[in-house]
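Please look through the sequence and the 3D structure below.

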Amino acid sequence: YKSPYRWDEIFQMLSFMFYVRFLCKAVFLKKSDYKYAWYFYSINAPVILIYCFLLLAFTNFQVAVTVLKIAIRIYLLTFGLLFVLILWQKKKSLYYKYLFTAAVSMIFFGVLSSVSMILGVKYFGLGPFHWLLVSFYIDVVFFSAALGYLIRQEYQQKESSLKQLLKSEAELQQKELEKMKAVYETREEERMRIAR
């Protein structure tokens, strides 16, 4: 029994929807910084959910389904390229270099998956869903490296701040001791003067 519904396509699109949410959080996307990217981000979930609904509704209309597939992929490619440009601008940090590499691999294998699905061919024996999995695996590796780098940077910053705080406290204590010593010496000099 072959289902008329395209569950693999729906699963792929829902995966992209959650991936986009994750990517926007990882990039610390703000509306004030990147207006167009924020616009794409805000409409991304509704667009993908409507697409999935239309896939379920048009089970008997092959031409409509093909047009929908091409349209959604152009939309996702545009969105992906926009994020690659954002990451390219921010790639001074190793964190953003990892994210850039992850995004480029996701776009490359996403395009390969899309072409495979639309043309109905397999490359190296792998179908559209398999290429998507490859892209997610590579993406997870680079995102993990990016998050590891970010955690290490935060740890180093906290450690540096703590060292600076301890140094400031030590300097403050030293100044306090010097003041107390000066007061003590002044008192002793006054006692000696009175004794004389």
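## Salt bridges

The structure holds 2 salt bridges (a side-chain nitrogen of Lys or Arg within 4 Å of a carboxyl oxygen of Asp or Glu). Side chains of opposite charge can pair when their charged atoms come close.

Glu188 forms a salt bridge with Arg191, and their closest N and O atoms are 2.8 Å apart. The two residues are 3 apart in helix H5 (residues 128–195), so about one helical turn separates Glu188 from Arg191. Glu188 is partly exposed, at 26% relative accessible area, while Arg191 is exposed, at 53% (buried is under 20%, exposed over 50%, partly exposed in between, with a 1.4 Å probe and protein chains only).

Glu190 and Arg193 form a salt bridge with an N to O distance of 2.4 Å. Glu190 and Arg193 are also 3 residues apart in H5, about one helical turn. Glu190 is partly exposed, with 36% relative accessibility.

## Helices H1 and H2

The axes of helix H1 (residues 7–26) and helix H2 (residues 35–57) come within 10 Å and cross at roughly 175°. H1 is therefore roughly antiparallel to H2 (angles over 145 degrees count as such, on a scale from 0 to 180 degrees between N-to-C directions). Helices here are DSSP runs of H or I with at least four residues.

Residues in contact (heavy atoms within 4.5 Å) include Trp7 and Phe16 in H1 and Tyr41 and Leu55 in H2. The residues of this contact divide into 16 nonpolar, 1 polar and 3 charged.

## About the model

This is a predicted model, in which local features need pLDDT of at least 70 and side-chain atom pairs count only at pLDDT 80 or more, while totals for chains, interfaces and linings use all residues. Residues are numbered from 1 along each chain as its sequence is written, and side-chain values use heavy atoms, leaving out hydrogens and water.

Technical notes:
Parallel < 35°, antiparallel > 145°, perpendicular 65-115°, else oblique. Nonpolar A, V, L, I, M, F, W, Y, C, P; charged D, E, K, R; others polar.
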